[in-house]
Amino acid sequence: SGIKITGTYLKSNAFEAEKEKTAKKKLGSLAVPSDEKWKAVFEECWHQLGCETAGQGEVWKAWDSIAVALTTSRRQYKDSSLDTMSRSQTQTLESLEVIPQYVGPMTMEKYENIKKYLMKACDTSLHPLGKLVETLVAVYRMTYVGVGASRRLLPQAVKEIKSYLKHIFQIVRFLFPDLPEEGSVITCTASEADAHPHLYLQTSVKDSGSESPVFGMMVTSSGLLLPMLLPRLYPPLFTLYALENEREEDVYWDCVLRLNKQPDLALLSFLGVQQKFWPMAVRSLGEKEKVLSNSKDSCFSTAVECLQQISTTFTPADKLKVIQQTFEDITQEVLGILQQDFLWSMDDLFPVFLYVVLRARIRNLGSEVHLIEDLMDPCLQHGEQGIMFTTLKACYFQIQNEKLT
């Protein structure tokens, strides 16, 4: 007994299955490209500078337009009953009305003056650049706050910031024609390089058969503009990073809490830190105290407190400075223990730095790491700060996979 069925059986083709897979659209493939977004916002800024299209206009006319706009707006505020500007705001506007030197050879001093001018310009909506930044921040928050706070939108959010940098850098280079293009180097004196060693790269030029050092700083849109743009976009952006890395950060945080139950000496031993690097005594309230077997949070406390500051900074450059200072604090403490000069090997340094990362208890360390990785200057990736950042990143992944028994 059974059921008799009349029909046709079709076996699926393996090639057709592959076609169906490739036919599926990837997330974001139907979204508007970042460079195509908010074109009207940027066009409005160009129009305020007296340009019909992007980059097509007279530079002196653009500066005259800025000066007239600032003067007119300040007078309108002063004459109206709604004059709520503070003394510092008034002084800022008055300083912006003075047209800066925008032609001539680009030096480090002139580059720093441009940065200061842009910081002031972006702090007031009366300046065309300030109005542009204010509008971009508003549309960014409307896009990625609330309903838009989805971890799947993180790649688009990062690309949008990079697009902002690209477009604003184009406007800045129009206003300052001698500012080098992206990736170019501004040469500087040795004294300027000594004052800011983390900003400069050193090359050698052969002169009459001998090599002489040349110092310079690479100009990038992120290095110039992120300090004034990212603090305003940081809350929604970091929320997206936290959502994207939520699962792996839960694993990391669970390991941090478990490992931090151990006293200092037990944790140093567990992590494989060589005993010669163990602090036997630490300063507390100006007096030396011996590190006991049950002491907690006493070793490398200066480096731990320094690394905790990474959560209070906004730009990748500032976060990298915190990481660099942490390494320097560790080195200074070890120098005090050994009482002699020494050179770190990564086998010796990594366990010590891992201890500092654990004791720092940074809740969203994964988000910090991924944000730095996505937005840091490419020129820093292979330098000293890049190596230090790679070490921090390795610590983060090591903690997630650390065996607790």
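I looked up Phe300 and found it buried, at 0% relative accessibility. Buried means under 20% relative accessible area, exposed means over 50%, and partly exposed is in between, with a 1.4 Å probe and protein chains only. I am working on a predicted model, where local features need pLDDT of at least 70, side-chain atom pairs count only at pLDDT 80 or more, and totals for chains, interfaces and linings use all residues. Residues are numbered from 1 along each chain as its sequence is written, and side-chain values use heavy atoms, with hydrogens and water left out.

Phe300 sits in the loop between β5 and α12. Helices (H or I, at least four residues) and strands (E, at least two) are DSSP runs, numbered from the N terminus. I checked the phi of Phe300 and got a positive value near 50°. Most residues other than glycine have a negative phi.

Asp297 is in the loop between β5 (287-290) and α12. Its phi is also positive, about 60°, and Asp297 is not a glycine. Asp297 is partly exposed, with a relative accessible area of 40%.

**Helix α12**

Next I listed the buried residues of α12 (residues 301-308): Ala303, Val304, Cys306 and Leu307. Viewed down the axis of α12, they fall within an arc of 165°, so they line one face of the helix. The arc is taken from the directions from the helix axis to the C-beta atoms. I asked what the buried residues of α12 pack against. They pack against α13 (316-338) and α14 (346-360).

**Thr313**

I moved on to the loop between α12 and α13, where Thr313 lies. Thr313 counts as buried, at 14% relative accessibility. A polar atom of its side chain lies 3.0 Å from the backbone oxygen of Ile310. Leaving aside neighbours within four places in sequence, Thr313 is in contact (heavy atoms within 4.5 Å) with Tyr234, Asp318, Lys319 and Val322.

**Thr220**

I found Thr220 in the loop between β3 (210-218) and α9 (221-244). Thr220 is buried, with a relative accessible area of 5%. Its side chain has a polar atom 3.0 Å from the backbone nitrogen of Gly223. Not counting residues up to four places away in sequence, Thr220 touches Glu182 and Asp377. I also checked Phe169, 51 residues from Thr220 along the chain. The C-alpha atoms of the two are separated by 8.8 Å.

**The cavity**

How many cavities of 30 Å³ or more does a search of the whole structure find? I got 1. On a 1 Å grid over the protein atoms alone, a cavity is a set of points where a 1.4 Å probe fits but cannot get out, and lining residues have an atom within 4 Å of a point. I noted a volume of about 60 Å³ for the largest cavity. Grid points are joined across faces, edges and corners, and a volume is the space filled by probe spheres set on the points.

The lining includes Leu118, Cys122 and Met228. By class, the lining has 9 nonpolar, no polar and no charged residues. Ala, Val, Leu, Ile, Met, Phe, Trp, Tyr, Cys and Pro count as nonpolar, Asp, Glu, Lys and Arg as charged, and the others, Gly among them, as polar. I saw that α6 (128-144), α7 (154-175) and α9 each supply at least two lining residues. The most comes from α9, with 3 residues.

**Whole chain**

Last, I counted 16 helices and 5 strands in the chain. Buried residues make up 41% of the 405 residues.

Definitions and conventions: A polar contact is a pair of N or O atoms within 3.5 Å; within protein, one must be able to donate a hydrogen and the other to accept it, and residues adjacent in sequence count only if both atoms are side-chain atoms. On a 1 Å grid over the protein atoms alone, a cavity is a set of points where a 1.4 Å probe fits but cannot get out, and a pocket is an open set with protein on both sides within 12 Å along at least five of seven lines; lining residues have an atom within 4 Å of a point.
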